[in-house]
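Subject: Structure for you to look at

Dear colleague,

I am handing over the structure we spoke about, and my notes on it follow below. Please have it open as you read.

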Amino acid sequence: MRRVLPASVSAALAALLAVTAAGLPACSTQQRRSAELSLANTLIPPEQEKQLGLQVKQELEQKQKVRYVEDASVNAYVKGITDKILAFAKKDRPDVEWTVKVIDDPKTVNAFATPGGYLYVYSGLLLAADDTAEVAGVLGHESGHVVARHSARQMVNQLGVQTVAQMALGKEPGKLSQLAASLAGNGAILAYGRADESEADEYGARYASLAGYDPHGIATFFEKLEKSEGKQPGWAAYLSTHPATPDRIAQVNKYIADEKLGGTGGTSGTQIAAVKARLKTLPAPPTQPAQPDQPQQAQEPAGPGGTGAQ
Ligand code: ZN
């Protein structure tokens, strides 16, 4: 039953194995990232990512009964941020068509992205943010997961190169729908590892800075998470996938300093204050949407959330 992998897959795999074997500390992270990325590019073509993202969206809407915020001013605020951030993400991944949705759920602090360029942010996260730079940092982080193709890389890690290669060749037709259902059901996406989260933090800070926002927004948001840990159940979804540890905060601050990332925009807090006031006037969601990333027995929030942003 040995199947021969396509040459391009073998080449990407060989590159990855070479990097793993070499294990040079000085440049290993960059080398590993780029080798994994080329493997993911080869195994899971953008078309397939797009299809997966669409299927996850349908699952969220139809099975998880996720509702979106319809308010024009709230959506315009989020679009104003993502338009600026995604202008830079598009340079790194020109093949992605982005879709941004605000999930109507004021009690949940979370955001996540799925393959194919779908970014979801909960109204609860907007209510928890103190300024626009924080929202920009979080959304930049989420877009970073898409740009770096972390879910494709996770799929390769979890399902194995052979299965993913078969999927890529169209030989596992049922697998994709199965995967989409499980991603949506479990919290939209697989939980990412620490290395992927750090890489996404770097994207978040970089894109926020390029877009003119203070790149420290992501760090101040994490600081708040760290302080509130265990005290506010609403934060659990995001924390479950984004452990806001002091070293993570220090790491992103160091990255901002090392890369000399500038930007001072989005720190006044007036814009977000208006959005929060607006959100508070909106009627409560008709039925509490099922939390893709929280267990059904409330009280004990924790969750794959993999989302989180992923
Ligand atoms: Zn993340």
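What share of the contacts in the protein with a separation of 6 or more comes from residues 24 or more positions apart? In this model, which is predicted, such residues account for 78% of those contacts. The protein has 310 residues, of which 48% count as buried, and its secondary structure consists of 14 helices and 3 strands.

The strands form an open sheet with mixed pairing, in which the order is β1-β3-β2. Because β1 (99-103) and β2 (111-114) each have a single partner strand, they stand at the edges, and one side of each is left without a neighbour in the sheet. From one strand to the next, the twist averages 15°.

Turning to β2, this strand runs antiparallel to β3 (residues 118-122), and the two are joined by 4 bridges. Along this pair, Ala 111 stands opposite Val 121 in β3, while Ala 113 stands opposite Leu 119. The hairpin that these strands make has 3 residues between them, and in it Gly 116 takes a positive phi near 90°.

In a regular strand, side chains alternate between the two faces of the sheet. Both faces of β2 are covered, with Ala 111 and Ala 113 buried on one side and Phe 112 and Thr 114 buried on the other. As for the helices, one of them, α4 (residues 72-92), lies across β1 and β3, and its direction is at about 140° to β1.

Notes. Residues numbered from 1 in each chain as written. Predicted model: local features only at pLDDT ≥ 70, side-chain atom pairs only at ≥ 80, totals over all residues. Buried ≥ 20, exposed ≤ 12 C-beta atoms within 10 Å, placed from the backbone. Contact = placed C-beta atoms within 7 Å. Pairing = 2+ DSSP bridges. Axes fitted to C-alpha atoms, helices over the stretch in contact; angles between N-to-C directions.
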